[in-house]
Amino acid sequence: MNKYDVIVIGAGAAGLMCAIIAGQRGRSVLVVERANKVGKKILMSGGGRCNFTNLYVEPSNYLSTNPHFCKSALSRFTQWDFIDWVNRHGIAHHEKTLGQLFCDGSSKQIVAMLLAESEAVGVEIRTHCDLQKVTAEDDGGFNVQTNQGQYHSTSLVVASGGLSIPTLGGSGMGYQLAEQFGHQVLPQRAGLVPFTVTDQLTTLCTELSGVSLEAAVSCNNEQFRESILFTHRGLSGPAMLQISSYWQPGDSIVIDLLPDCDAAQWLAEQKQQQPKVLLRSLLGKYLPKRLVQQLQQLWWPQRVNSPLAEWPSEALLQVAKQLNHWSLKPAGTEGYRTAEVTLGGVNTDGLSSKTMESKQQPGLYFIGEVVDVTGHLGGFNFQWAWASGYAAGQVV
């Protein structure tokens, strides 16, 4: 039987980081990956340029049943630490928006960096390696049965990711292992995912497919101001992806189409100043014209050709309220097929926030997306992967 100090299940961002740090400490490390190559999610992220971290990482950027759990790991391997790695490897990068850092070239550079670091410390990586069975030894350590043979390790790290994007290898294996060793696994659902719509909204979104604009989107006391995108299936864009992590089935979302403007006051003023103008002409200066055309059919079909002077104040106020507070009820989301992350997962109550080690099973660790810690859009989930991988790598 092949024996290692550490076996890591999953060659994604968290798993590779953990393997590298453990290898730097002189540990013998095996990484097993069921996919045909490592870092598949890294490769496709950020449109192929990998949004590898964010300049403004804070614990408040993460969702978890225990919002304090992520603080320890994030404070001990920060965005600046990872940026130093990127700089050391000469990977040119840039800030896109809101602190999001992307490679100038390709996300392949980040994978190449991780593989170079892994090779430098003797980490062994096996792809096409399907996990079949894991058992704990009575005297400590783990037996790991795979389609490529049986391995033994003192420490076992579960970095198998979540359910999102199954075509890239997403599976529930990590949750099954957690339950096998007595951990509570919280319900999972798709996060950072586009919304789908039905009924009247289907026609609206189909007509507006491809239209994008900046807006403020709210749900359950959270708000994000970024661009939204209408698609033939529903609503997407950064603001929609962000709010999807806070949305529950049956909830409405509220869109403020004019987030810098008190629409009621502004329209009242415009009625005085430009009494002959049509409302669609006025709004067309600030909103996409295709959107205005659809909104007038929804909200003021009887006054399409009425100048503002002919509008009753109450009717104008009603449109103003909808501009600042457009309430829509999505039918659902696109689900794991396109979700960037999986919400929920291994309950943090059963893990050490400092080391990511199981409180139930000595030598067992859970890191990355499999844990109930989910970041906002914009590099935060990668930073959690680096930080949680580093935390475990220091002690395994």
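**Figure 1. Val185 and its partner across two strands.** The bridge partner of Val185 in strand 19 is Val346. Strand 19 covers residues 341-346, and five bridges join it to strand 11 (residues 185-191), with the two running antiparallel. Strands here are DSSP runs (E, at least two residues), helices are runs of H or I with at least four, and both are numbered from the N terminus. Two strands count as paired if DSSP finds at least two bridges between them. Strand 19 is also mostly covered, as six of its six residues are buried. Buried means under 20% relative accessible area, exposed means over 50%, and partly exposed is in between (1.4 Å probe, protein chains only).

A quick note on what you're looking at: this is a predicted model, where local features need pLDDT of at least 70, side-chain atom pairs count only at pLDDT 80 or more, and totals for chains, interfaces and linings use all residues. Residues are numbered from 1 along each chain as its sequence is written, and side-chain values use heavy atoms, with hydrogens and water left out.

**Figure 2. Aromatic rings that pair up.** A search of the whole structure turns up 15 aromatic pairs. One of them is Phe77 with Trp85, an edge-to-face pair at 6.2 Å centre to centre and 85° between the planes. Rings of Phe, Tyr and Trp (its six-membered ring) pair if their centres lie within 6.5 Å; planes under 30 degrees apart are stacked, over 60 edge-to-face, and the rest tilted. Phe77 and Trp85 are both buried. Ring pairs also tie Phe52, Phe77, Phe82, Trp85, Phe382, Trp386 and Tyr390 into a cluster.

Figure 3. Phe382 and Trp386 stack, with 5.7 Å centre to centre and 15° between the planes. Both sit in helix 13 (residues 380-393), four residues apart, or about one turn of the helix. Phe382 counts as buried because its relative accessibility is 15%, and Trp386 is buried at 0%.

**Figure 4. Charges over rings.** The charged end of Lys96 sits over the ring of Phe102, 5.0 Å from its centre. Arg303 does likewise with Trp311, its charged end 5.5 Å from the ring centre. To qualify, NZ of Lys or CZ of Arg must be within 6 Å of the ring centre and within 35 degrees of the ring normal.

Figure 5. Leu177 belongs to helix 6 (residues 173-180) and counts as buried because its relative accessibility is 7%. Leaving aside neighbours within four places in sequence, Leu177 is in contact (heavy atoms within 4.5 Å) with Ile9, Leu131, Val134 and Val158.
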